[in-house]
Amino acid sequence: MSLEFDDTLANQFSARSILAEHRMHATFFVNSGRLDRPGYLTVAQLRALASDGHEIGGHTIDHAQLPGLPAGELRHQICDDRRALLALGFDVSDFAYPNGAHDRASAEQARACGYESARKVGGIGFAPCIFCTGAETIPPRDPMATRTPGSLRRVHRLPRIQALVRGAQQVDGWIQLTFHHICDACDDYSMSEEDFSTLLGWLAEEREAGRVAVLTVAQAIRGATPRPRRLAAE
């Protein structure tokens, strides 16, 4: 499984100490045009996260809605975002479509810009989604449109998140948990520091039991870490 942060939000930096406490690494999908702006991460903070071993990925320059963009603007949003992050010294190999919105043109452009994977929204669902699969495959069925249950929100309490992870364990698959704000009820797409720490504490227990491996997206895509043991059927 992977822990992922979207949109370059400043309060995500508070997750750094919690991740370090539980010896976990995450992937931060960054909009290069937002860096050093009020309310967003700074370049210095991003470098601190990268120095801890967290992955930095691309997310377009300014969170553009990609489907329907002219070819030149599409290339600018995806390729120039990656170039800007590479110029800052980050190893950028994975991408997340803003709002998960993509089409064939944006997927082809992400590949052409040098990305090894791109994350969409959907295909994996919270229970009781009848027609959703329990996890993405390893390697992904389509690396330029990896499937997720969507972004975590305040209504998604620990038992529902645990159910997602256990569903992935049952099929020996990959689940991507996507976070936005780390704060106390500051946004609908938020999780408190306390709840985030509780989640990571549970994941650490699962990891120690050999049932979960917490990977960056690059590690999952490149197969750098062995898979965990499958959860025994109850």
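Predicted model: local features only at pLDDT ≥ 70, side-chain atom pairs only at ≥ 80, totals over all residues.
## The nonpolar cores

Let's start inside the protein. The largest nonpolar core holds 53 residues, and Leu3, Leu19, Leu177 and Phe196 have the most contacts inside it. Helix H6, which covers residues 193–208, gives the most to this core, with 6 residues. There is also a second, separate core of 8 residues, including Phe29, Ala96, Val217 and Ala220.

Leaving out residues up to four places away in sequence, Leu19 touches Leu3, Phe5, Met24, Ala26, Phe28, His54, Phe196 and Leu200. One of these partners, Phe196, is also among the residues with the most contacts inside the largest core.

## Helix H6

Which residues of H6 are buried? They are Phe196, Leu199, Leu200, Gly201, Trp202, Leu203, Ala204, Glu206 and Arg207. As a general point, an α-helix has 3.6 residues a turn, so residues three or four places apart point the same way.

The buried residues of H6 pack against both strands and helices. The strands are S1 (2–6), S7 (176–179), S8 (181–182) and S9 (190–191), while the helices are H1 (15–21) and H5 (158–170).

With 16 residues at 1.5 Å a residue, H6 should span 22 Å, and its end C-alpha atoms are 22 Å apart, so the two values agree. Just after H6, Gly210 takes a positive phi of about 80°.

## A cis peptide bond

If you are tracing the backbone, stop at Ile138 and Pro139: a cis peptide bond joins them, with omega of about 0°. Pro139 sits in the loop that links strand S5 (117–123) and strand S6 (146–148).

His63 is a residue other than glycine, yet its phi is positive, near 65°. You will find His63 in the loop between strand S3 (55–58) and helix H3 (71–87). Is His63 buried or exposed? His63 counts as buried because its relative accessibility is 17%, and the cut-off for buried is under 20%.

Ala185 is not a glycine either, and has a positive phi of about 55°. This residue belongs to the loop between S8 and S9. At 46% relative accessibility, Ala185 counts as partly exposed, because exposed means over 50% and buried means under 20%.

Notes: Residues numbered from 1 in each chain as written. Heavy atoms only, no water. Core = buried A, V, L, I, M, F, W, Y, C linked by side-chain atoms within 4.5 Å. Buried < 20%, exposed > 50% of the residue type's maximum accessible area, 1.4 Å probe, protein only. Helix = DSSP H or I, 4+ residues; strand = E, 2+ residues; numbered from the N terminus. Contact = heavy atoms within 4.5 Å. Expected span 1.5 Å × (residues − 1).
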